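Welcome! Please keep the sequence and the 3D view at hand as you read.

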Amino acid sequence: MTGRPLVGLLCALFVEGRHWVRLRWDFNDSSYESAWQLSFILTILAAVVIWLDESRYTAVLVMIGWLPPILMPLQFVQSYGMRDSVQLTAFSLLARRNRLRSERLGLIHQSAAFNFGNVTFLVTLLSSAVAMTAESQLFLAGLVILTGWMLLANGRCRWQSLIPVLLIAGGLSLAGQHGLQRLEKWVRRGGGGHDDRFNPNFQSTQIGQRGQILQSPEVMWRLSTTNGQSPPRLLLTSTFSNFLGLSWQNQHFPFAEVKSSYVGAERYYVLDEKIATESIARQPVFNLRGSVEKTFAMPLPGSAVGISGLGDAEVERNVLATVLIKPQASVVDAGIRWYSNEVIEGEVRPADLTSITPLDREVIREVSAELGLDELPDLKAKLARLKQWYDQQFRYTLDLTIRQPSGISRLGELKAPSALRQFLTEVRAGHCEYFATSATLILRASGVPSRYAVGFGVIEKSSNQNEYLIRGTHAHAWVRVWDEVNQTWLDFDPTPSDWMRGSVTRMGWTQQMKDAIKRLREDFFLWRTDPDNEFVVVMVVSVFGLGLGLVVVRRLWRSRCRVEAKTKFAAYGGLREDTPLSQLESIARKCIGSRPAGMTYGTWLLGVQTEIGQLEELREAIALHQQWRFDPGPMEESMQHRLRELVAKLERELIEALRERRKSGSG
Amino acid sequence: MNEHQIAGKLETAVSSVVRGQSQVVRKVLACLVSGGHILLEDYPGTGKTTLAKAISRSIDGADFKRAQFTPDLLPSDILGISIYDPRSTEFRFHPGPIFTDILLADEINRASPRTQSALLEAMGERQATIEGKRYDLDGMFFVIATQNPVEFRGTYPLPEAQMDRFMMQCSLGYVGTDEESEILAAQMGGHPIDELKPVITRDDVIGLTKASQNIRFSEELRHYVVSLVAATRQHEAIQLAASPRASLGLMKVSQAMAIFEGLDFVTPELIQSVAVDVIAHRLVLAAEARYAGSSAREIVRELIETVPVPA
């Protein structure tokens with residue numbers, strides 16, 4: 001149920017095969033130790049491979065999914081060994097030392113042994129419940145069927161009483177699964193943080209909140225240019241049109257697939273359809289390399305025309321220049337062609353202030369009038385004045401000091417001015433979201449269509465030549481402005497340029513090490529998946545794996561031995577005659593529980609005497625039953641009749657007693 | 001008088017002397033009836049000798065002899081010896097204590113292995129070979145051997161092969177406080193064994209043995225006996241398992257027990273009641289099990305609980 005039925009089936013066959021195969025090995029303690037070491041090495045290898053392949057959120061889940069096959073060596077040693085348990089000393093070096101010392105000194109050493117099957121069972125259950133492609137319906141149905149089968153096979157239940165048990169099992173598994181899914185979500189979010197998956201139609205801002213802006217210093221992308229070309233200054237992931245109080249939102253603009261065509265062997269995703277693919281391939285290029293999620297928004301310069309190096313990924317975009325990519329691997333190295341003056345964004349050119357509150361609208365109009373933007377002739381002058389105003393009058397800070405008014409006074413007024421008013425008129429300090437939001441709205445008030453844009457600033461040059469690092473701290477917001485004259489969109493960054501100084505700080509050595517590891521991991525992944533190197537990788541891995549497998553199989557084959565099938569205590573196959581008293585067994589079972597295998601029927605049945613109090617008759621019936629059953633000689637007709645009589649009477653008494661008991665139980 | 005009544009008389013007579021041991025008395029008598037020998041492993045003073053004496057006194061015409069086994073006891077002390085008679089100028093055979101009906105071999109593990117094996121040959125084969133001449137011990141021959149379970153210093157524990165010659169091994173154990181005070185009361189004036197009169201004859205016992213062989217034993221229970229004994233051969237804690245002689249003994253003893261129960265056939269309850277006494281002493285435990293503190297009797301008890309019994 002974890003998406004790999006073949007592997008699961010093989011594991012199950014492997015575990016259950018011991019019942020059909022007589023091949024066994026006489027494993028000693030050191031075999032258990034080497035099995036554990038093998039499992040351990042496999043775990044480490046799998047962890048490394050999964051860490052290389054998967055994003056950090058899914059790695060744990062994928063790892064859990066692979067645990068059952070990883071633990072197979074230990075299960076093998078238990079299933080096919082002569083002992084039915086695994087010594088605890090196999091796992092701990094300390095315990096092993098202790099045992100060796102005891103052996104040397106001639107002390108008696110008792111080591112705990114346990115059935116490893118339980119561990120395997122638990123791990124399998126866990127992996128089938130939480131692993132990446134676990135299917136909950138199948139899991140539930142499977143669990144209920146298995147529980148029912150187990151109960152029926154044990155013969156403890158009848159069909160009627162099976163139903164509530166199955167219901168309970170189903171309920172428990174549902175609850176357990178719900179819990180596991182919650183855990184999975186928690187793991188995905190990276191341990192309790194909020195779910196910050198990218199949403200192209202909603203961008204919450206920290207406008208009107210207090211505190212300090214915290215951004216991750218992790219490297220998200222590495223940008224490399226060729227031949228010392230300078231990179232774009234801003235990389236856009238998404239733009240937004242409507243400001244609703246505290247957040248930027250879009251109507252749900254649909255995503256359409258981006259067309260692609262091949263130049264040589266390389267597949268180009270064409271963002272600007274007016275340009276021929278061949279000429280796109282000749283455009284200036286820079287590469288973005290980074291670890292990605294299953295769906296991610298590609299940061300692109302506003303003038304990007306095409307993307308290459310994605311293999312056969314799914315690429316979609318909407319009219320607001322958001323490009324969503326579903327990559328095939330967890331690390332991408334995209335080549336981005338850019339530098340064109342063509343307009344590739346859609347027709348959405350909002351120039352009104354309808355979405356914002358009347359109070360905000362008022363202050364925006366005031367500021368726009370104060371700056372006299374309407375009187376200026378062209379866009380360039382308007383932008384210059386705005387930029388100058390921000391640069392001179394405002395200060396950039398990551399401290400959130402402006403607070404959204406939390407209530408309304410008795411006179412129907414807000415207790416405090418809105419956050420935007422405070423920013424524009426009183427505080428005049430804030431971070432990029434304030435600058436970008438207010439500038440977008442002010443420009444719209446003066447009749448310039450504009451959108452709020454989010455993305456990254458390319459500001460940190462790495463120690464490598466032609467390489468720039470884009471970290472979480474470089475996330476930025478600015479304005480996309482429509483240039484009516486040239487019929488194009490421009491990037492306008494109203495934030496005072498000292499924001500970059502705050503964002504580029506010297507990294508501590510831990511961060512530098514993390515960066516280096518990430519760089520190594522990504523580069524190795526790309527090297528490994530490169531078709532040119534794939535052959536080498538496959539050869540090395542298969543030669544290593546085959547060699548190891550051959551050594552293990554050869555050693556196992558040499559030390560194999562066969563065991564005779566464990567004969568069950570021979571059940572009597574001859575004629576056996578049930579007596580009328582035998583029919584009482586099912587009723588008596590409700591009173592005194594099932595009969596243990598080694599207890600004679602008479603001794604067992606005597607247990608009901610406390611219920612019915614007919615000891616003499618019970619004894620007589622048992623004696624007659626024994627004669628009927630175990631005396632090979634003929635039994636008189638009158639005695640048979642007597643036994644029937646007694647049984648009928650005892651049955652009545654028993655049923656009566658049961659009814660009484662039930663009554664007193666419910667009363 | 002049928003066999004059940006005869007057996008009942010004997011049991012009542014013996015129980016009147018050996019108080020508070022009705023279970024063990026019945027088992028010992030069943031062993032006698034089945035034609036086997038018994039080994040009593042018990043502390044001193046629990047009534048082993050009294051039991052043996054009571055049995056012999058209850059049976060008219062039964063001869064009783066007792067041999068105290070010591071390390072210097074020689075085979076000839078048990079079997080008998082020919083001594084030169086100067087008057088008749090020839091060797092005359094003096095039969096040893098083995099020529100009797102009931103023999104109490106007290107503290108059998110104190111004698112040397114040579115003497116032990118002389119006795120055990122007689123027990124197994126019901127014959128004694130003395131100076132090349134064979135003497136048959138036909139009719140009734142019942143050995144009650146005893147050994148002390150605590151004092152092992154200077155003893156020669158019986159080898160496994162010879163333990164197998166004993167049909168059963170029981171222990172009397174201490175009686176309850178009430179029974180013990182009854183014993184005191186009964187012996188205030190004199191030993192009740194002195195007043196014990198024979199209740200049955202020696203021929204009655206031989207008749208009982210014959211009758212026990214006719215007790216019906218169903219095929220299904222035969223399978224049960226075999227699977228119970230075979231289970232000891234698959235138990236991992238057992239080094240030396242029970243032989244077919246154990247199955248045979250279990251069948252014979254449970255047949256004899258049926259006579260005392262007044263039944264014409266054997267029930268699974270009877271088999272279970274004697275299985276531990278018949279099987280356990282024939283087993284040799286593996287060293288690990290021995291050091292882990294388990295005993296053969298416990299293991300047989302556990303097997304009785306697990307081997308499916310015919311309902």
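How far apart are the mean positions of the positive and negative charges of chain B? The mean positions of its 30 positive and 40 negative charges are 4 Å apart. Here Lys and Arg count as positive and Asp and Glu as negative, while His and the chain ends are not counted; each charge is placed at NZ of Lys, CZ of Arg, CG of Asp or CD of Glu.

This is a predicted model, in which local features need pLDDT of at least 70 and side-chain atom pairs count only at pLDDT 80 or more, whereas totals for chains, interfaces and linings use all residues. Residues are numbered from 1 along each chain as its sequence is written, chains are lettered from A and ligands numbered from 1 in the order in which they are written, and side-chain values use heavy atoms, leaving out hydrogens and water.

**Chain B as a whole**

- Chain B has 13 helices and 13 strands, which are DSSP runs numbered from the N terminus (helices: H or I, at least four residues; strands: E, at least two).
- Its radius of gyration is 20 Å, close to the 19 Å from the globule rule for 311 residues, so chain B is as compact as a globular protein of that length. The radius is taken over C-alpha atoms, and the rule is 2.2 Å times the number of residues to the power 0.38.
- Along the principal axes, the C-alpha atoms of chain B fill a box of roughly 70 × 45 × 40 Å.
- Of the 311 residues in chain B, 52% count as buried (buried is under 20% relative accessible area, exposed over 50%, partly exposed in between, with a 1.4 Å probe and protein chains only).
- Among the contacts in chain B with a separation of 6 or more, 76% come from residues 24 or more positions apart (a contact means heavy atoms within 4.5 Å).

**A lysine in chain B**

- B:Lys27 sits in helix H2, residues 22-34, and counts as buried because its relative accessibility is 14%.
- Beyond its neighbours within four places in sequence, B:Lys27 has contacts that include B:Met168, B:Cys170 and B:Asp277.
- B:Lys27 and B:Val253 are 226 residues apart along the chain, yet their C-alpha atoms are separated by 8.2 Å.

**Aromatic rings**

- Over all chains, the structure holds 22 aromatic pairs. Rings of Phe, Tyr and Trp (its six-membered ring) pair if their centres lie within 6.5 Å; planes under 30 degrees apart are stacked, over 60 edge-to-face and the rest tilted.
- A:Trp389 and A:Tyr390 form a tilted pair, because their ring centres are 5.2 Å apart and their planes meet at 50°. Both residues are buried.
- B:Phe93 and B:Phe99 have ring centres 6.0 Å apart and planes at 85°, so this pair is edge-to-face. With 21% relative accessibility, B:Phe93 counts as partly exposed.
- Ring pairs also link A:Trp389 and A:Tyr390 into a cluster with A:Phe394, A:Phe423, A:Tyr434 and A:Phe435.

**Around strand S6 of chain A**

- A:Thr225 belongs to strand S6, residues 219-225, and is buried at 9% relative accessibility.
- A:Gln229 lies in the loop between S6 and strand S7 (234-240) and is partly exposed, at 32% relative accessible area.
- Leaving aside neighbours within four places, A:Gln229 is in contact with A:Pro284 and A:Val285.
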